[in-house]
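Please read them with the structure open.

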Amino acid sequence: MQVIGLRDPGEGDWTRLRTLQYSELFQVSIIRLAGHALAGALAASLFVGVVNKWILLGWLVAVVLATINVRRVDLSFIDIERRGVQRSDFKRQAQAYGWCTLPWVVALLFFVPFAAPSTHYALWAIAAMLIAGSAVTMTSAPIATVVSDLVIGTAGVVSFLVAGDFGFAVGSAAFVAVILVGALRSARTYLSARIAEAGVAEKDEVVSLLLREFEEKESDWLWQVDTNRRIRSASPRFAFALGAAPETVEGESFIKLIAGGSWDSGKFPASLHELAEKLKRREHFSNLLVHVELAAGRRWWELSGTPMRDDKGNYIGFRGVGSDVTEQRDRDEKIAYLARYDTLTGLPNRLMLTEALGEAMRFADQWKSRCAFLMIDLDRFKAVNDSLGHQIGDRLLAKVSKRLMGVLTENEQCGRLGGDEFAVVMRDASERGRVERLADAIIDALSQPYQVDNHTLFIGASVGSAIGPRDGSSVEMLMRNADLALYRAKDEGGNEHFSYVPSMHADAEERRKLESALRHAIGNRELELNFQPVVNAKSETVVSFEALLRWNSEEHGFVSPGKFIPLAEDTRLIVPIGEWVLHEACREATRWPDDIKVAVNVSGEQLLEPNFSASVVRALADTGLPAHRLEVEVTESVFLRDGRTARQTLEEIMALGCSIALDDFGTGYSSLGYLRTLRFSTIKVDRSFVQGASQGNAESLAIIRAVVAMARSLEMSTTAEGVEDAEQAALIRELGCSKIQGFYFGRPMAALEARSLVVKGRSRAA
Ligand code: C2E
Ligand code: MG
Ligand code: MG
C-alpha cells in the first residue's frame, strides 16, 4: 500500500516518495502507449466482421482517446521533481489509467460472446501482453499497473467463466496474481533504488558544499599524492601555499618541494622526517606539525592525511588537508616566552625562577645536598626612576641584569621577580661560604657606578638568602624566608647581605602584631599628640609648636615614632592616622594665642592621596583655625616617588594660605635643587648638622652657612633642629638661623603643658 501510494509511509514524506517514483514516468509512458495502440489495432482486427464496424470503430477511437488522455496526464509530470506530486496528480494519473482499461473490459465481456473461441483466446493473449507489459514498464507508477492489470485481468477471468472454460479462468487469475506480485516487488525495488540514489546525490552535494567552504577558508587546502608521493591534482590553494603554480607542482615530489635546502643535505627537520615516514608506511596521521622550507621562507604547516585505496583495496596514494599555522605558532611561542621571561631584561621571570627553585630543591633532596635562594633588591633605584624617568630606569635595570649574569656560574640561575627585585637560584650550595661569597660579589658588582645616557648613577644592592632545605622545605617557604632576610638587609640600611635566621620570623610576626595593634590604635584612643616648642632664635619666644605623634599601645607599651611611623607608611595606615593628627593639632592650636602656629608632619604617602588637600580644608573648617596658622612639614623624600603629584598637592595647600616647611634638610637625598622647586616658608636643618657643628665639624658648619644664605636669598626662614644646650643655641644664633627647636627650649610635651606654657608665658610678658 505504501509502495503504490495508498497509505502514508510510516516515516518520510508521501509527496517526496511519490515524486521520486513519478519523476521518470513521462519517459516510459510513450512506449506503453505505443504498445496500447498496437494492441488496440490488433484486437480490432480480430473482431472485423464479428462486431458492427461502427461499434468497432467507436471502440478503437475510445482506445486512442483514453491513450492520448493518459499521455497528456503523464506529460504533466515532466516538471514533477520541481513541484512535487500532489494527491490530485496521483488521483488523476490513476483515473486516466482506469479509463484506459475500459475498452478492454468491453471487448472481453461484450465482444467475445459474439466471436469464436479462438478469437477469445487471441484477445486474452493480447490483453495478457498488455498486463505483462505494463507490469514491466510501469514500475514508476505502480498504482496504474495495479489498477489496469486488476481491471483487465478480472474482465478476462470473468470472460472465461462466462465461456465455461474454468481451467483457463483459474490459470488467468493465477497469471494476473503472479504479475501483480512481481509488479509490486519491482516497484518496491525501484522505489528503494530511487531513494538510495537521491540520498547519494544529496550527500554528494553536501560534500561538495563542504569542500567548497573549506577551500574558501583562508589558510586551509587539500593535498593529494600518488604511490610515489608525487603531487597529484594540486588545487590552486595548495599550489599557492607551496608558492608555485598548480601546473609546476603537479607530479613533483611532495617532500622535495617542502624540504627546501634540507633535501640536498638529507638532514630533514624531525617533523619532516616524521611526515616522510608516515607516507612511506602508509599510516593515517592528523594535525602533524611540519616545519617546511619554501622559497618564501620557513613555515609551519599542520597536515592531516589518510591513505587512499581503490575499489579493490589497492593503495593508490595519500589525500589530506593542510593549513599554514606559522603565525599562530609564532604567537603561541611568543606567549610561551612572555609567560616565562621578563621582556625588559630577557631574564627568566618569577614563574620560571620558581620552577628552577623547585627543580633545585628536588636535586638537593635527591643528592642530600643543599640549594640556595638569594633575593636581591636595588637600593635607591626608586630615586633614579622617579627623578630621571622610567626610560632611564629601564635601561639601568637592563644593565643591572647584565652585571648580575656576569657574576654567575653554571651552578646558578638568575631572574627578575619584578620592579627592582632580582633573585638567584643556586643549585648546589653545599660548600661552606659559597652563598656569602656570591652575595658579596653581587653587591660589589651592582654597586659600581653605572653610565646611562650621560648620567652617572649610583645604586646599591641588598641581598637576603635562604638555604634549602634547611631554611624551608617548600619553594614558598624558602622564598618567603629569603624575603625576610632581604627585609632585614634593607632595614639595616642596605648594601648588605643577610642570611635567614629563624628569629626573623619572630620579627616578622612581631611586625604583623604591631600592625594589627596599630590598626586599632585610633579607635582604642591609644594615640596622643605631643607638642614641642619652636622659638625665635633672637627673642627666644615661642613662635610655634610641632605636633609629634605618640603611641601608647595597650599591648606593646610605648612604641617610638621611629618604629611605628614607617610601619604606618608601609601599610598606608598613615592616611587615617594622619587625618586624625591634623584634626587634633588644629583643634589644640585654636586654644593658643593667635600668633602661634602649629606644625604638622605629613608623609609622602598622604600627599599622594587624591583628596589630601580636601582633608586639610576639612580640618581647618571643623576647628576654625585660620589657614596661616598651619604649617605642613614634609621631607625631601616626598618628591622622590611621584614628585609632580606631591608638588601639586603642596601648591594647593599653599593656595589655602598654609605654609610648608622642608623637614630634616640635609639628610638622605640632599639636593639644594629641591629648595627651588617650591616656595617653602621654612627649612629645618637636621639635628645631625647641629650636632656636627657644635663638635667643630667644618663640613656641618659650611652646610648650615650655605643653607642659611640660600634661604635668605629665597626669603625663607631656617629652623635648627635638635639644639640641646645653651652652647649650641649660641652657635646657631651666630650662624644666622632664624628659629630654634630642641630639648634646650623644651621637650615634646603634653597638650595641656604646651597650652599652659604659652598662656603663662603671655601673662608673664604682660
Ligand atoms: P621630626 O619631624 O624631625 O621631629 C623631630 C624629632 O626630633 C622628634 O622625634 C623630636 O622628639 C626629636 N627632637 C626634638 N628636639 C630634640 C633634641 O634636642 N634632641 C634629640 N635627640 N631629639 C630631638 P620623634 O617625636 O621621635 O619623631 C620622630 C619622627 O617621626 C619625626 O621627625 C617625624 O618625621 C615623625 N613623626 C612624628 N609625628 C608624626 C606625625 O604625626 N605624622 C608623621 N607623618 N610623621 C610624624
Ligand atoms: Mg617634623
Ligand atoms: Mg625633623
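1. Basis. This is a predicted model, in which local features need pLDDT of at least 70 and side-chain atom pairs count only at pLDDT 80 or more, while totals for chains, interfaces and linings use all residues. Residues are numbered from 1 along each chain as its sequence is written, chains are lettered from A and ligands numbered from 1 in the order in which they are written, and side-chain values use heavy atoms, with hydrogens and water left out.

2. Magnesium ion (ligand 2). Its coordinating atoms come from Glu 546 (OE), Asn 601 (OD1), Glu 633 (OE) and Asp 663 (OD), at 2.1 Å. Donors here are N, O and S atoms within 2.8 Å of the metal (3.2 Å for Na, K and Ca); water is not among the atoms, so sites may look incomplete. Along the chain, the donors of this ion are spaced E-x54-N-x31-E-x29-D. Within this set, Asn 601 lies in strand E15 (residues 597-601) and Glu 633 in strand E16 (residues 630-635), 32 residues apart, so the pair links distant parts of the chain. Strands (E, at least two residues) and helices (H or I, at least four) are DSSP runs, numbered from the N terminus.

3. Which residue bridges the two magnesium ions? Asp 663 does, and ligand 2 and ligand 3 lie 4.0 Å apart.

4. Buried means under 20% relative accessible area, exposed over 50%, and partly exposed in between (1.4 Å probe, protein chains only). Asp 663 is buried at 5% and Glu 633 at 2%. Asp 664, at 25%, is partly exposed, as is Asn 601 at 29%.

5. Asp 74. This residue sits in helix H3 (residues 53-75). Asp 74 is buried but has no salt bridge, and Arg 71, the nearest side chain of opposite charge, is 5.6 Å away. A salt bridge needs a side-chain nitrogen of Lys or Arg within 4 Å of a carboxyl oxygen of Asp or Glu. Lys and Arg count as positive, Asp and Glu as negative; His and the chain ends are not counted. Leaving out residues up to four places away in sequence, Asp 74 touches Leu 25, Phe 26, Ser 29, Gln 93 and Tyr 97, where contact means heavy atoms within 4.5 Å.

6. Cysteines. With a disulfide taken as a pair of cysteine sulfur atoms within 2.5 Å, the count is zero. For Cys 658, the closest cysteine sulfur is in Cys 586, 7.9 Å away and too far for a bond. Cys 658 is buried at 5%, and Cys 737 is buried at 4%.
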